[in-house]
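Please look over the model shown here. This report takes a few local features in turn.

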Amino acid sequence: MNPSVFILALLAFVVGTAELVIAGILDGISRDLQISLGSAGLLMTVYALVYALGAPVLISLTSHIERRKLLVTSLVVFAGANLLSAASGSFLLLMASRIIVASSCSIIVVLAITLAAAMVTEDQRGRAIGMIFSGIVASLVLGVPLGTLVGVQWGWRMTFFLLTAVTILIIPVVRSKLRQLPGAPAAPLRKKMGATLDKESVFAHLASLLQMTGQFTIFTYISPFLAQTMDLDPVTISMVLLVYGVGGIFGAWLGGWSTDKLSAQKTFLTFLPLHAIAVLALPASTISLTSLLALMMLWCVFNMAPGPAIQKYLIEQTHSSASVQLGINTSAIQLGVAFGSFIGAGVMDHFSPQTNAYVGGVVILLAMLSGLASSRLRQSRMSGVAP
């Protein structure tokens, strides 16, 4: 594997931490800025919306810029925005800084995937993309607890100072170690976006959206689910989530490896139904802590494995506009997170906690059907037969 891919995975770890760590320091922000927890929680909601809606547009508008230059510029903006977050004396200023962070992160993640895929041979592309996904998962397993600990010990502002310092240290490494990669020819935004939205791609993006919707229908509320169904204490729940995260790191690698050894289509069509089965089996696994831990690890393995496959599948679809495709797919994933959390909230208010797992599993099965539709459309196109 090209060593540059590990640098890009580190970037994914840092920006993933910047997105998710806010959940661990909400209490401190609420007290310091004298706002309610609900208002502080809007920092996460607005971040996700800006990320989801901004990614394809920003990537399209900047697609003509040389990739390394754009990445360095985005990292400078990211570092500056986190520094602004640390210095914010009001909620509005903090919100504005988070909007800038979200915008820069949406570019950085897509560029990390694009560059990783471009820096390796075809037979390593899936694993390179999987490495970026592993960096994002590692931010959940390691980055968020570390950032939360810093925030608890030295205040939430220090968490943002730390993110700024790490980014500043990474920028010269990116400039010296990553090779240049030209952007795409300049073209109107509507033309760039339209070129990526053929039926094959739309169904692939829909598969990502539905998979994440089903996933976060249950995962957003996994702590109350475990507390109510198994009477687990917070320490035990943290251990369960750690096991879950380790499974995710392995799942990202497995998905990349399978994509390279089999194919992108076979990989996501195999792991999407396995993901659905794992979610549907979650209530049954609560009979013991051992069975729960085993299921949680498999759940995150199957959750992460389709991602690298779908991303490589989209790159294969339109090489010339790969970054735009990945930007749209990133938006689909973020919207799935938002939709799943919303659906899960409604289910939790009216039904038992187990119902969230059943609803989530069914939605993921719909993702499998969408992926199957995209695959069949591609097969028809390749064979020259009308679908």
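The notes below cover a residue inside the fold, a surface patch and a helix of this predicted model.

## Leu115

Leu115 sits in helix α5, which runs over residues 91-118. Its relative accessible area is 1%. The cut-off for buried is under 20%, so Leu115 counts as buried.

What does Leu115 touch, leaving aside its neighbours within four places in sequence? The contacts are Leu8, Arg67, Leu71, Leu178 and Leu181. Take Leu8: 107 residues separate Leu8 and Leu115 in sequence. In space, their C-alpha atoms are 8.1 Å apart.

## Nonpolar surface patch

Val77, Leu84, Leu93 and Ile100 make up a nonpolar patch on the surface. Together they have about 270 Å² of accessible area. Helices α4 (67-87) and α5 are the elements that give two or more residues to the patch.

Val77 belongs to helix α4. Is Val77 buried, partly exposed or exposed? Its relative accessibility is 38%.

## Helix α11

Helix α11 spans residues 234-261, 28 residues in total. From first C-alpha to last, α11 reaches 40 Å. That is close to the 40 Å expected at 1.5 Å a residue.

Which residue reaches a backbone nitrogen at the start of α11? Asp233 does, through a side-chain oxygen. This oxygen comes within 3.0 Å of the backbone nitrogen of Thr236.

Terms used: Residues are numbered from 1 along each chain as its sequence is written. This is a predicted model: local features need pLDDT of at least 70, side-chain atom pairs count only at pLDDT 80 or more; totals for chains, interfaces and linings use all residues. Side-chain values use heavy atoms; hydrogens and water are left out. Helices (H or I, at least four residues) and strands (E, at least two) are DSSP runs, numbered from the N terminus. Buried means under 20% relative accessible area, exposed over 50%, partly exposed in between (1.4 Å probe, protein chains only). Contact means heavy atoms within 4.5 Å. Patches are made of residues with over 30% relative accessible area and no salt bridge: like charges are joined within 9 Å, nonpolar side chains (Val, Leu, Ile, Met, Phe, Trp, Tyr) within 5 Å. Accessible areas come from the Shrake-Rupley method with a 1.4 Å probe; for residues, only the protein chains shown count as cover. A salt bridge is a side-chain nitrogen of Lys or Arg within 4 Å of a carboxyl oxygen of Asp or Glu. The expected span of a helix is 1.5 Å times one less than its number of residues. A polar contact is a pair of N or O atoms within 3.5 Å; within protein, one must be able to donate a hydrogen and the other to accept it, and residues adjacent in sequence count only if both atoms are side-chain atoms.
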